[in-house]
Amino acid sequence: MPPISPEPLDLLLFPTWLVPVEPAGVVLRNHAIGVREGRIALIAPREQVSGYVASETLDLSGMLLTPGLVNAHGHAAMTLFRGLADDLPLMAWLREHIWPAEKKWVDEHFVRAGTELAIAEQLQSGITCFSDMYFFPDIVTELAHKHGVRAQIAVTILDGTTPGSRDANEALRKAVSLFDDLKHHPRLSVAFGPHAPYTISDAKLESIRTLAAEMDACIHMHVHETAHEVQEAMRMHQERPLARLARLQLLGPRFQAVHMTQVNDEDLALLVEHNCSVIHCPESNMKLASGFCPVERLWEAGVNVAVGTDGAASNNDLDLLSETRTAALLAKAVAGSATALDAHRALRMATLNGARALGLEDHTGSLELGKFADMVAFDLTRLAQQPIYDPVSQLIYSGGRECVKHLWVGGKQLLQDRQLLRMDEQRVIATAQEWGRKIGAKG
């Protein structure tokens, strides 16, 4: 009696190299990966999959298949402010340019256009999952759902009025309502996004702590972005911002500390004790001269470090592969060690560490059986990637987002041969150009 054929697959891919990220440091050559109902159902040597039938089979010769990249911090709609106010320090950039521009321009239409531009750019950059911290989160939710991407929507909360919310209480109510609406969504989740320690009161932070604990929700917050922030906190309150957050009991495994360019021994002890994640945004920090996150020191202490692009207004792109290369090089310079943050760990920071920071490590961030098939295929046949000794090193140190060839989220292909399959790229560009003309007009 002939052997029973394995259950059919929806998709079967044959890359030259497959990097699952977990286990760490592994490069699988001449393996196949199979997808069924949106999840990874098979990883095996090519010679062992001859009995499988798939609805679609794709040869990825010369390509490196990795988990989709996770952009753990950004402000999607701020793509429309890209290049608006360059070469300025953080507080001058915010107070004199960005905050006035937001007051004048940010509404539902702005957020819709800017977020679509950001989603399109991120897909073409190999990003399958992103965290967004901005205004009108219902619109971001609608677009992330429509375009098939995975996302954490961190509802921005500040003392006072913000676009779309009269005050912090209304923003909190919207966060709770959106959380309830999305709690069973397969790709979208909601987090609380208190802007920064210097823009929100203890009372509101205590409300966020209570709600986040009840809902088991993440808290996403800019913390220790600059030395000035820490110095002002010490001058006014005789307490470092992270210590204040610890006193208010906000820190924990669901706390996402964005930036952390200022880390002393006490800060490090708090991050370790509470098992917080740090989200590193090196290019934005460098461009605004905000400081350097001590990535290697955090990593060696056991802190989960992810990577984010920040918004395009301060980066000025949403290229997480470039961000990760910068992170790896900067980590070596800051640590004074050429072995700091090697290429394989850098890729882990941009994938599984990001998923862990967002509370999604059971669903995405690595290519493992049962996880969602969030994957990106990088073309390493290009001139600038030759010759290839270690494909991961080649990707991190000589690759770019122009190497992104195909991309899938939950087994559904969203990018094919660098072409967006569910978005009209020319329409997105035209809309962004129209906004640029309005915002840039004199008078």
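Reader: Which residues are in contact with F378, leaving aside its neighbours within four places in sequence?

Author: Start with the general idea. Contact means heavy atoms within 4.5 Å. Leaving aside neighbours within four places in sequence, F378 is in contact with G62, M63, L64, T66, L69, L321, L395, C403 and V404.

Reader: What kind of model is this, and how are residues numbered?

Author: This is a predicted model: local features need pLDDT of at least 70, side-chain atom pairs count only at pLDDT 80 or more, and totals for chains, interfaces and linings use all residues. Residues are numbered from 1 along each chain as its sequence is written, and side-chain values use heavy atoms, with hydrogens and water left out.

Reader: Is C403 buried or exposed?

Author: Look at relative accessible area. Buried means under 20%, exposed means over 50%, and partly exposed lies in between (1.4 Å probe, protein chains only). C403 has 1% relative accessibility, so C403 counts as buried.

Reader: How many residues are in the largest nonpolar core?

Author: First, the term. A nonpolar core is a set of buried Ala, Val, Leu, Ile, Met, Phe, Trp, Tyr and Cys residues joined through side-chain atoms within 4.5 Å. Here the largest one has 117 residues. F81, F110, F255 and F378 have the most contacts inside this core. Helix α2 gives the largest share of the core, with 8 residues. At least three residues come from each of domain 1 and domain 2. A second, separate core has 14 residues, including I40, M63, L367 and W408.

Reader: What does the domain assignment of the protein chain give?

Author: Domain bounds come from an automatic or database domain assignment. Here domain 1 is 9–67 + 365–410. Domain 2 is 69–358. Their centres, taken over C-alpha atoms, are separated by 29 Å. At the meeting of the two, 30 residues of domain 1 are in contact with 32 residues of domain 2.

Reader: Where is T115 found?

Author: Helices (H or I, at least four residues) and strands (E, at least two) are DSSP runs, numbered from the N terminus. T115 is found in helix α2, residues 108–124. T115 counts as buried because its relative accessibility is 0%. Not counting residues up to four places away in sequence, T115 touches A76, A77, V140 and L143.

Reader: Which residues does the UniProt annotation "binding site" cover together with H222?

Author: Treat records with care. UniProt positions are given in the numbering used here, feature names are shortened, and annotations may be inferred rather than shown by experiment. In an unreviewed UniProt entry, one "binding site" annotation covers H73, H75, H222 and D310. They span 238 residues in sequence, yet no two of their C-alpha atoms are more than 11.9 Å apart, so they gather at one spot. From this set, H73, H75 and D310 are in the lining of the largest cavity.

Reader: What is a cavity, and what are lining residues?

Author: Picture a 1 Å grid over the protein atoms alone. A cavity is a set of points where a 1.4 Å probe fits but cannot get out. Lining residues have an atom within 4 Å of a point.

Reader: Where is the place of H222, and what does H222 touch?

Author: H222 is in strand β10. H222 is buried, because its relative accessibility is 5%. Among its contacts, not counting residues up to four places away in sequence, are H73, H75, H195 and H259.

Reader: Where does UniProt place the other "binding site" feature, the one with E225?

Author: The unreviewed entry puts it at E102, H195, E225 and D310. Of these residues, D310 is included in the lining of the largest cavity. E225 is found in the loop between β10 (219–223) and α6 (227–237). E225 touches L90, H259, T261, N285 and S290, not counting residues up to four places away in sequence. D310 is found in the loop between β13 (304–307) and α11 (320–335). With the sequence neighbours up to four places away not counted, D310 touches H73, G74, H75, H259, C281, S284 and L318. D310 counts as buried, at 4% relative accessibility.

Reader: How many disulfides are there?

Author: A disulfide is a pair of cysteine sulfur atoms within 2.5 Å. By this rule the count is 0. Take C129 as a case. Its closest cysteine sulfur, in C218, is 11 Å away, so that is too far for a bond. C129 counts as buried, at 0% relative accessibility.

Conventions. 1 Å grid on protein atoms, 1.4 Å probe; cavity = no way out; pocket = protein on both sides within 12 Å on 5 of 7 lines; lining within 4 Å.
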